[in-house]
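I opened this notebook to record what I looked up in one model, element by element. The entries go from the whole chain to single residues.

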Amino acid sequence: MGLQVPKLSGAPVRRSLKIALLGVTILVLAGCSEADQRQIRNLAMPDRASAEGPFTYELWKWAWVAAMATGILVWGLIFYAVVKFRRRSDDEVPRQTRYNLPLEVFYTIAPVLMCVVFFFHTVRVQDVMTERDPEPDLTVEVTGQQWSWTFNHGVGEQDTSATGEDDDFAYDSYVYTSGTGADIPTLVLPVDRTVQFNLHSADVIHSFGVPSFLTKLDVIPGRVNKLQVTPTVEGTYPGKCYELCGVSHSRMLFNVEVVSQAEYDAYLAELAEAGQTADDPLLGGSDVEDQVGLDEDSEGSNE
Ligand SMILES: [Cu+2]
């Protein structure tokens, strides 16, 4: 009993394969700018600018190593089977009822073991990211609202026993900066200081994150989530809302400027001079007149 398969002539197939491979290689190499190469070296992660960042990056890196090792093993086995068990003559059909018990036990247990290892390291890194120093160097009250951010910086002595909830705030007075969809706000932070962010939402669930810090946390109405970060490298970084929160979610951006302590103090004085002061942090709600950035009079467009 022979299987009737039309014969393909090898040469044209090999030639088109070669041309396709060449095309793909040229495309990939041509697309590699210096920024791309940096991205490749960083495995698509931004440069780490916080004390917590390396932990996330190590988890990411070793997940890649594990995935690549698994991939190479699987690809190797596929090609081995393709070559070794290829059909050698037209009337040959392999036995259809073979099995290999040790192999089946292996490919059941191995993925379970991999998941256990991934889970262990994920929890280990998560513990680092969610760990909180009871005495952070400063506390910033952050408000997420459709669709921008307000950053409230404390002035004077910090009371680290304050909960950040129910008007129990760490400072007696604040200076603040607020953005709109048309005017992206800037969060200024001192370098090498552990900052606690108390995250408040005035409406829906947002998520506060700075890619270069390699950490983020949800901003949930009705509760105060707390995230601690220690920025380690001075510079300007983009930040964003990571949770689809409505039609202008993509405009819910901010910039982060990590500066020296002296520059930070000068910045707070600047805000105070501009009259952006309050006894309590601005947490949205009655502080928000309407959905910012969407009225037609505001600068910028909604496109
Ligand atoms: Cu949002």
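**Entry 1, conventions.** I note that this is a predicted model, in which local features need pLDDT of at least 70 and side-chain atom pairs count only at pLDDT 80 or more, while totals for chains, interfaces and linings use all residues. Residues are numbered from 1 along each chain as its sequence is written.

I looked up the secondary structure and found five helices and eleven strands, taken as DSSP runs numbered from the N terminus, with helices (H or I) of at least four residues and strands (E) of at least two. Of the 303 residues, 23% count as buried, a residue being buried if 20 or more other C-beta atoms, placed from the backbone, lie within 10 Å of its own, exposed if 12 or fewer, and partly exposed in between. Among contacts (C-beta atoms, placed from the backbone, within 7 Å) with a separation of 6 or more, 73% join residues 24 or more positions apart.

H3 is hardly covered, since its count of buried residues is two.

H3 packs with helix H4 (residues 101-130) at an angle of about 170 degrees, and their axes are 9 Å apart; the axes are lines fitted to C-alpha atoms, for helices over the stretch in contact, and angles run from 0 to 180 degrees between N-to-C directions. The two helices are therefore roughly antiparallel, the term for angles over 145 degrees. H3 contributes Phe55, Thr56, Leu59, Ala63 and Ala66 to the contact, and the residues from H4 include Met114, Phe118 and His121. The contact residues divide into nine nonpolar, three polar and no charged, with Ala, Val, Leu, Ile, Met, Phe, Trp, Tyr, Cys and Pro taken as nonpolar, Asp, Glu, Lys and Arg as charged, and the others, Gly among them, as polar.

I traced an open sheet of six strands with mixed pairing, in the order E8-E5-E1-E2-E3-E11, two strands being paired if DSSP finds at least two bridges between them. Its edge strands are E8 and E11, each of which pairs on one side only. E5 (residues 195-201) runs antiparallel to E8 and is joined to it by five bridges, and Asn198 has Lys226 as its bridge partner in E8. Elsewhere, E9 (residues 235-241) pairs antiparallel with E10 (residues 253-259) over six bridges.

Leu227 lies in strand E8 and counts as buried because it has 22 C-beta neighbours inside 10 Å.

Gln276 sits in the loop between helix H5 (261-273) and strand E11 (277-278), and is partly exposed because 17 other C-beta atoms lie within 10 Å. Not counting residues up to four places away in sequence, Gln276 touches Val175, Tyr176, Thr177 and Leu271. H5 itself lies across E2, E3 and E11, running at about 85 degrees to E3.

Note on methods:
Two residues are in contact if their C-beta atoms, placed from the backbone, lie within 7 Å. Angles under 35 degrees count as roughly parallel, over 145 as roughly antiparallel, 65 to 115 as roughly perpendicular and the rest as oblique.
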